[in-house]
Amino acid sequence: MKKYLLFILSIVVALLTWIPNTRLFLTDSNIGTILILVLTIFVCVFSVIYNKHSRSLWYIFSFILGLSPILFLIFVGIFLVIRNAFCTMINFQVETGKI
């Protein structure tokens with residue numbers, strides 16, 4: 001029963017991080033970001049603890065879904081780096097008269 005409850009909680013963390021209509025992570029709502037971070041820590045810690053006692057794929061998937069806010073920050077960071085590199089390249093071509 002614990003593994004299903006933890007898995008459902010990790011799905012809630014993923015939904016509140018990724019889905020635009022329900023996103024609370026990194027929005028104007030400060031309590032939303034704090035809530036997601038607390039839920040993330042809770043899901044990840046208990047997934048590791050329970051996985052040590054009884055090995056189950058439910059705990060592994062819960063841990064991965066619980067890391068959604070960190071994965072979200074990584075993907076946004078990668079997107080910003082690529083976007084800035086592309087914009088710098090376009091600006092350089094405009095300044096040198098190649099466009």
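Analyst: Helices (H or I, at least four residues) and strands (E, at least two) are taken here as DSSP runs, numbered from the N terminus. On that basis the protein has 4 helices and 0 strands, and its elements run α-α-α-α from the N terminus on. This is a predicted model, in which local features need pLDDT of at least 70 and side-chain atom pairs count only at pLDDT 80 or more, while totals for chains, interfaces and linings use all residues. Residues are numbered from 1 along each chain as its sequence is written, and side-chain values use heavy atoms, with hydrogens and water left out.

User: What radius of gyration does the protein have, against a compact globule of 99 residues?

Analyst: The protein has 19 Å, whereas a compact globule of 99 residues would be near 13 Å; the radius is taken over C-alpha atoms, and the globule rule is 2.2 Å times the number of residues to the power 0.38. Along its principal axes the C-alpha trace spans about 65 × 30 × 20 Å.

User: And how much of it is buried?

Analyst: Buried residues make up 23% of the 99 residues, where buried means under 20% relative accessible area, exposed means over 50%, and partly exposed is in between (1.4 Å probe, protein chains only).

User: Let's go to α1. Which residues are buried there?

Analyst: In α1 the buried residues are L6, S10, V13, A14, L16 and T17. They cover an arc of only 170° around the axis, which puts them on the same side of α1, the arc being that of the directions from the helix axis to the C-beta atoms. These buried residues pack against α2, α3 and α4, with contact meaning heavy atoms within 4.5 Å.

User: What does the face turned away carry?

Analyst: The face of α1 turned away from its buried side carries the exposed residues L5 and I8.

User: Switching to α2, what span should its residues give, and how far apart are the ends?

Analyst: The 24 residues of α2 should span 34 Å at 1.5 Å a residue, and the end C-alpha atoms are 35 Å apart, which agrees; the expected span is 1.5 Å times one less than the number of residues. Its buried residues include G32, T33, I36 and T40, and what covers the buried residues of α2 includes α1, α3 and α4.

User: T40 is a polar one, so what is its side chain doing?

Analyst: T40 is buried, with a relative accessible area of 6%, and a polar atom of its side chain lies 2.8 Å from the backbone oxygen of I36. A polar contact here is a pair of N or O atoms within 3.5 Å; within protein, one must be able to donate a hydrogen and the other to accept it, and residues adjacent in sequence count only if both atoms are side-chain atoms. Leaving aside neighbours within four places in sequence, T40 is in contact with V13, G66 and P69.

User: Last one, which residues are buried in α3?

Analyst: In α3 (residues 57-66), Y59, S62 and G66 are buried. Seen down the axis of α3, they fall within an arc of 60°, so they line one face of the helix. At the start of α3, a side-chain oxygen of S56 reaches to within 3.2 Å of the backbone nitrogen of W58.
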